[in-house]
Amino acid sequence: MNEYSTRLAWAGAMIGVLALTATVFANTRPPEKTDPTAATLPPALAEEATHTEAVAAVMAPETETAGPFLVALRVETLPLEGQVFLCDANGSPIEAVQPDGSGDVALGPLRSGVYSLWRTGTELGRFRLLQNASLDETQGQLWTDGELLHLERFLPGTAAIRLTVQERGFYSFTLYDRNGRQWNRDLFIPDSALPERGLAFVRTIEFRGLPAGLYTLVRRETPILQVLVQAGERTEAEATISVDN
């Protein structure tokens, strides 16, 4: 055998060894990982799951915010001191607050989220605009009844009074401060209402936007209780309304 034939024979032997090695390695290598869901779900269900995930991915961003909405702000004390700006949650200005002669101004339109009011580097308060356009989570000098946003020059507090009443019907209450200023709230319990405590009904009325101080709750010119409201805090109290008062 000449040198050329020897080289051909050697090359053929090496090719055979490599082919055998590849076959052995393929048989001994562990199988690649597969998606168990794709392996176990029938084709129709797998297609439906894929479609559901795609729809969820498209819909998710739309549920994060809602709007835009206009927010009604009332500046309770005029003139408004300094230039006030509506800002986002991080304090970045969005627009200047410019109330009319009655102290009313429309903010926005705004997407749902957290916003704040600032004046010359000082945060006056913040609030949250919900996805149904109502207002909540006020802080600082802001307070709300859920529909209208109020800006005060003080830190407003809240008196939350839990009432136990004996009969269905209409109830009218007045809250007085030491200076004779008054805040009115009405309560109505319809004939279809069911009692919570034995034969009584339990309801809570709230007086929001109150300056710090001592207050007296009155019904039919009869004092019912006194409550001390702290600045920027929610004060809770309880009272029982009898047939006589």
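Okay, let's start with threonine 164: at 10% relative accessibility, this residue counts as buried. Threonine 164 sits in strand 10, and although isoleucine 241 is 77 residues away in sequence, the two C-alphas are 6.0 Å apart in space. Keep in mind that what we're looking at is a predicted model.

So, on to the nonpolar cores. The largest has 23 residues, and Leu163, Phe173, Leu175, Phe207, Leu210 and Leu217 are the ones with the most contacts inside it. Several strands give two or more residues to this core, including strand 10 (157-165), strand 11 (169-176) and strand 16 (234-241). Let me pick out phenylalanine 173. Beyond its neighbours within four places in sequence, phenylalanine 173 touches, among others, Leu163, Trp183, Ile205, Leu217 and Ile241. Apart from that core there's another one, of 19 residues, with Leu73, Leu86, Leu129 and Leu151 among them.

Now the charges. How many salt bridges does a search of the whole structure find? Nine. Take arginine 181 and aspartate 177, whose side chains meet at 2.8 Å, N to O. Is aspartate 177 buried or exposed? Buried, because its relative accessibility is 10% and the cut-off for buried is under 20%. Arginine 181, at 43%, counts as partly exposed.

Then there's arginine 128 with glutamate 137, closest N and O atoms 2.9 Å apart; arginine 128 is partly exposed at 29%, and glutamate 137 is partly exposed at 43%. Glutamate 196 bridges to arginine 203 at 3.0 Å.

Last one: Glu206, Arg208, Arg234 and Glu236 are linked up in a salt-bridge network.

Conventions:
Residues numbered from 1 in each chain as written. Predicted model: local features only at pLDDT ≥ 70, side-chain atom pairs only at ≥ 80, totals over all residues. Heavy atoms only, no water. Core = buried A, V, L, I, M, F, W, Y, C linked by side-chain atoms within 4.5 Å. Buried < 20%, exposed > 50% of the residue type's maximum accessible area, 1.4 Å probe, protein only. Helix = DSSP H or I, 4+ residues; strand = E, 2+ residues; numbered from the N terminus. Contact = heavy atoms within 4.5 Å. Salt bridge = Lys/Arg side-chain N within 4 Å of Asp/Glu carboxyl O.
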